[in-house]
Amino acid sequence: MAIKVEHELHERRRGRNMGVGLLLIGFIAIIFGLTVVKVLQLGEAAQFEKFDHVARPQIVPQEGEN
């Protein structure tokens, strides 16, 4: 048989935990929103493939291409 009596301290902690949880969700939403905006403002992603410091022959222009 479990004891179901809840102390006043538990109610205050639950309220604080809910507040901290809402702040964390808000912070995550802000970071996600900033990331989405930054990615959308980058434009064409192909132009950034050249700057990954790895030799990739498929992106080097050939003699006959422009």
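Q: Helices are DSSP runs of H or I with at least four residues, strands are E runs of at least two, and numbering starts at the N terminus. How many helices and strands are there in the chain?

A: The chain has one helix and zero strands. Keep in mind that this is a predicted model: local features need pLDDT of at least 70, side-chain atom pairs count only at pLDDT 80 or more, and totals for chains, interfaces and linings use all residues. Residues are numbered from 1 along each chain as its sequence is written, and side-chain values use heavy atoms, with hydrogens and water left out.

Q: What span does helix α1 reach from its first C-alpha to its last?

A: The expected span is 1.5 Å times one less than the number of residues. Helix α1 covers residues 8–41, 34 residues in total, and reaches 50 Å, close to the 50 Å expected. Just after α1, Gly43 takes a positive phi of about 85°.

Q: Which side chains meet in a salt bridge?

A: Side chains of opposite charge can pair when their charged atoms come close. The cut-off is a side-chain nitrogen of Lys or Arg within 4 Å of a carboxyl oxygen of Asp or Glu. A search of the whole structure finds one such bridge, and Glu8 and Arg12 make it, at 2.7 Å, N to O. Both lie in helix α1, four residues apart, about one turn of the helix.

Q: Is Ile30 buried or exposed?

A: Buried means under 20% relative accessible area, exposed over 50%, and partly exposed in between (1.4 Å probe, protein chains only). Ile30, which sits in helix α1, counts as exposed because its relative accessibility is 53%. Glu8 is at 43%, so Glu8 counts as partly exposed; Arg12 is at 41%, so Arg12 counts as partly exposed too. Across the 66 residues of the chain, 0% count as buried.
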